Amino acid sequence: MLPKKRGAGEAELGKLQKKAKPEEEASLVVGKQHSSVMASDGSASEMEIDEDLHSRQLAVYGRETMRRLFGARVLICGLQGLGAEIAKNVILAGVKAVTLHDTGNVELWDLSAQFYLTQSDVGKNRALACLDKLKELNVAVDVSTHVTELTTDFLANFQVVVCTDVSLAKAIEYDDFCRAQNPPIAFIKTDIKGLFGSVFCDFGPEFTVVDVDGEEPHTGIIASISNDSPALVTCVDDERLEFDDGDLVVFGEVHGMTQLNDGKPRLVKNCRPYSFYLDEDTSGFGAYEKGGIVTQVKQPKVLKFKPLKEALKEPGEFLLTDFAKFDRPPLLHLAFQALDAFVAEMGRYPAPVDESDAQKLIELTKALNEKSGQNKLDSIDESLLKLFSSGSRACLNPMAAMFGGIVGQEVVKACSGKFHPLFQFLYFDSVESLPSEPLTAEDVKPLFSRYDAQISVFGYKMQQKLEEAKVFVVGAGALGCEFLKNLALMGVSCGQKGKLTLTDDDVIEKSNLSRQFLFRDWNIGQAKSTCAAAAAIVINSDLKAEALQNRVSSETETVFDDQFWENLDLVVNALDNVNARLYVDSRCVYFQKPLLESGTLGTKCNTQMVIPNATENYGASRDPPEKQAPMCTVHSFPHNIDHCLTWARSEFEGLLEKTPAEANSFLSKPEEYKAAMRSAGDAQARELLERVVEVLIDERCNSFEDCVLWARKRFEDYFVNRVKQLTFTFPEDATTSSGSPFWSAPKRFPKALEFTSSDPAYLSFIAAASILRAETYGIAAPDWATNAKKLAEVVDQIKLPDFVPKQGVKIETDEKATTMNSGSFDDESIIDQLINKLEEGAKTLAPGFHMNPIQFEKDNDTNYHMDLIAGLANMRARNYSVPEVDKLKAKFIAGRIIPAIATTTAMATGLVCLELYKVLANHKVEKYRNTFANLALPLFSMAEPVPPKSFKHGDMTWSIWDRWVIAGDLTLKELLAWFQEKGLSAYSISCGQSLLYNNIFPRHKDRMDKKVLDLARDIAKLEIPPNRRHFDLVVACEDEEGEDLDVPLISICFR
C-alpha cells in the first residue's frame, strides 16, 4: 500500500484531533506531519518517518538520508560484544532490516561485553539468544537471524555486510563477492582484541559521498561586487564567512549585476573573513547596485576503495586517532594479520601472559614485515606486541561500545552516502588503561565468572576495584543509558561494598527511544532513572544501583550532602546542559573527586577527564557564548529564518503563556496586583496591564468564533499593519543620518501580505492560533476548526478596517537596545486608567474565572504548538522574502533541539570507560586522554589533559583543587590576621551571595570582634546542617605590592 500523499498546506499543522473520513482528507487544514519513504530500488516503502520518534536523528541526517536508511538491509556477522553494539546502533538508526548471523553458542566469557546475554543463555546460539531483545529496540525494523554457515549467494540480499571475528581468508572472499555486485555491496570488517581494535571499509570501486561533512551550506550577505577579473565580493560584517578556497558558490537576489543570478556554481579563491574573489570576469556585467546572497554549493565526492586483499599489502594512509602514537597503526596493521595467522595455525588465540605464545606472534609479525616491501618497518615494538597477544581473545565492553559507534556510523554512510566514509583502515589501542605493574599468569587466571574476559586483560585486582567502586552517575538520558550498560558489564559497583547512585529528574518521552536504548515505548511517562537502573540490573543482576529523581543542584544539597560526596570514588556526568555540568564540576573540585565528563552534538563528541590536582576542571575553560541577534533585528529587521523563529517563539510565549499567567496573577490577588503595578509605574508595568486588559476585557473570547476573529486580527496586525507602518516610517528610499541607504544589507525591505483563505498556509495559521487561543479560555475546538472549507467560510465573513499608518511612530533601530518598550511621561496616568478599566471589566467575569497558560512543548505533535510557531515564522519570512522552512526544521531551531544519534553516544561512553580503568588504577596524568571526535569526517583528536592553572605566593603554591582549612571559631579580626601572617591582605570576604566584610566600608570595622560564623548566620542567613563542621568563604586578597591574587576557597572548621 502506497503512503498517503499530502497537499502543501497540510504540512503546516500537527495531528488531527480525530481521524477524518477518506473523502474529507483533501479539505483538512491540519494533518500529522510525516514523510513517505522510498526504498533503495525507488519504490515507495510502506513505512513513514515517525518524526516524534526520530526528531533528534532527523536533525542530524535529514529526511533524504532517513529515507535511504529505511530501504536498507544489513547483515551483521558475529554477535559477541562488538556485533551486538553494532546491531543496537543500526537498529536504532532505523534501517529496513537487520539479519544477525552467528553459528557459535554463548559462553560465560561473552558476558563481559554482550549486554543482551545472561548466564541462562550459556549454550544457546548467540544470534537466537539476543534476537528478541534486539527486536524490541525498534519494532519498525525487521530483525531476523541466520545460524548456518554463510554463502556468498546469501550475501547478495544485503546493501551492507559487517563481519566481526571472521578470518582474513573468509573476509577476502566475502569482500571480493560484495565488490563484484551491481551495485556493489558495502563490506566492513571490524575486530576487538583486548584493548586493540581495527576497522576496514570497502564500499566498492566507486562510491559517491553526497554530503561530506553534514554541515549546512555556508552563506553570506553581499555588500558589494566589483566589475573586475577576478571580481572582489565583499560581504557585510554581520557574521564571518566560512568559505574555503576552491569552494563553489551560487548567487541570488543580486540587483544590478543580475548575470550572477543564473544559478551557475562559481569558484571562489583568496577567501577572507568578510570577502573573497570570484574566479570570473565581471567587467562586462551590469554594475552592482544592492542586495544579494551567496551560498556554498556542496559537491559530491567519489571515492575509489581498494579490495581487502590489495589494501592489506598497500594500505595507504591510516586514520590517526592519537598523534602521540603516529607510528602505531602500521605495526598494528601487521599485528592483526599475524594474529589471524596464529589462530589459523594453532586453532586458538594466544593465552594471556604467555611468553611462548607472545614470541610466536612476534615472529609471525616480523615475517610479515619482511615481506612488506617499501612498507617495511624499521623496528618492531615487541613490548606492544606482547600486550596485544596477551589480551587478544577478549572483547572488552568499552572497546566494543566505542567501535560499535564507529562501525554503526559507517553502516549509515554506506546506506545513504551521507558523511565521509572511513578510508579505509582504522587501528586504535588503549594500552594506557592497563595496570602500571606487569601482570602475572596468576593475576589473569580465569575465575569462571562473567568477568573472565576482562580479568584476562586487567587481572583480578582491577576487577575487585571495579566491583567495590562507589560511583555517582548524573543523568539517565542517552549518555546515561550507555554508561549504565557499560558499567554493569564491567562489573562496576557490583561487589558487596560497591554502590552506583543514579539520578535524573526527567521522565521518558517518545523522542528518547531512538537513542536511549534502555527504554521501551511502555516506559513513556515513567522516571528515567528508575527505568534505566532496572534495565541495567537486568544486564547484570549483581549491580548495586540506587535510582533517585533529584536534580543535582544547590537546592538538593540536603540530599547530596557532604557525606554523600565524601564517600564517592568517582563521578560520571551524563548531562545535556552546561549549568548542571558546572555545578557537578564545582562539587567534584570541592570534594576532590575525579569527574569523567562527556558530551555529544550530532556526529561530534568530546570527553574530558577531570582528575584532582592533576588536570584543569571542567569550568576552567568555556565555549564562547552563542551570538545573539540584536533585539531590533528580531523585531523589525529579520534577514534569516532563525530571526523569524526567535520572534515566533517569543510571541507564542507572550500570547499564550505569559499573558494568561499575568491575568491569573490579577485574578488571584487583585488588590496586591494593582498595588504592585502602581508602585512600579513604568513602561513595563504599563505593557503588562495592557496585555491583561486585552485578554480579560477588550478581546476576551467567549466562543470559538471569537478565537477565530482574534487569530484573523493577529494575522492582520503581524503581517500587514506592522509592515505597512514600518515601510511608512522607513520608505524603500530612506537614508540614514550619514546619507547611506537605510535598507542596505543585511536589512531586507519587507512587503505586507494580503490574506486569502485560499492559501493553505494562511488558513493553517488561523486554525492553530484559534485552537490555542481557545485552550487558554477553556473553550473546546469544534470539528470544523480543522476543516479547510468550513473554516474558510467563517474567516471570509470577517471584515477588518483598512490600516492607516501613523506619523511619528518610533521604531527601534539601535542594535544595542535591550527592550522594545518606550517609556513616557504619563505612564503612571495610563496605568491608573488601565487599572480602572480592569476593575470595571472584571465585574463581568464569571465567578472563579481563570485562564489556562500554555507552556511551549515541542515534542507533542498533537498540541499545535509547533504549527503556530512555524506559521508565525513562515508568514514573517514571506514578509521579508526569507526562505521558509517546514515544521520539522522549525522545531529544530525554535525548540533548540540538540541533534543526537546513538552511534556518537556509544562511542563517547566507550572512550570514557577506557579512562575509568585509569582512574581506579590511579594512573599519572600523562596516561589520560581527552578526546574530540567527529564521526562524519571521520576525525579523532586525542590529547593529554591540560594541567590546572597554578598560583604562587612566597613559598606557597596552589591551584583550584586546593582549599585552605582554618580550624577554630574565629573572629573577623583573627581571620584577617591569619592572612596577614602569610603576607596577604584580605580586603573582601563573602559567604554565598552576601558580603561579610569589605575594607572600603567604615561600618564593617565594627564587625572585627564578631565571630565569622555569627556574621555568616546573621548576614548571609547561613544554615549549617547538624552533621557539618565547617562553612566556606570566598576571600579576595592583595599581596605586598597591592596586586590581586586568587586564593583558594576558605573553609572554617568551627567545631
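Three elements, α16 (578-591), β29 (985-991) and β31 (1030-1038), each put at least two residues into the lining of the second largest pocket. Helices (H or I, at least four residues) and strands (E, at least two) are DSSP runs, numbered from the N terminus. This is a predicted model, where local features need pLDDT of at least 70, side-chain atom pairs count only at pLDDT 80 or more, and totals for chains, interfaces and linings use all residues. Residues are numbered from 1 along each chain as its sequence is written, and side-chain values use heavy atoms, with hydrogens and water left out.

Back to that pocket (on a 1 Å grid over the protein atoms alone, an open set of points where a 1.4 Å probe fits, with protein on both sides within 12 Å along at least five of seven lines; lining residues have an atom within 4 Å of a point). Its volume, the space filled by probe spheres set on the points, is about 1400 Å³. Of the 46 lining residues, R587, Y590, D1032, V1034 and L1049 sit closest to the centre. The top contributor is α16, with 7 residues.

| Class in the lining | Count |
|---|---|
| nonpolar | 21 residues |
| polar | 11 residues |

For the classes, Ala, Val, Leu, Ile, Met, Phe, Trp, Tyr, Cys and Pro count as nonpolar, Asp, Glu, Lys and Arg as charged, and the others, Gly among them, as polar.

As for domains (bounds from an automatic or database assignment), the chain splits into domain 1 (219-297), domain 2 (639-807 + 827-881) and domain 3 (950-1053). The C-alpha centres of domain 1 and domain 3 are 60 Å apart.
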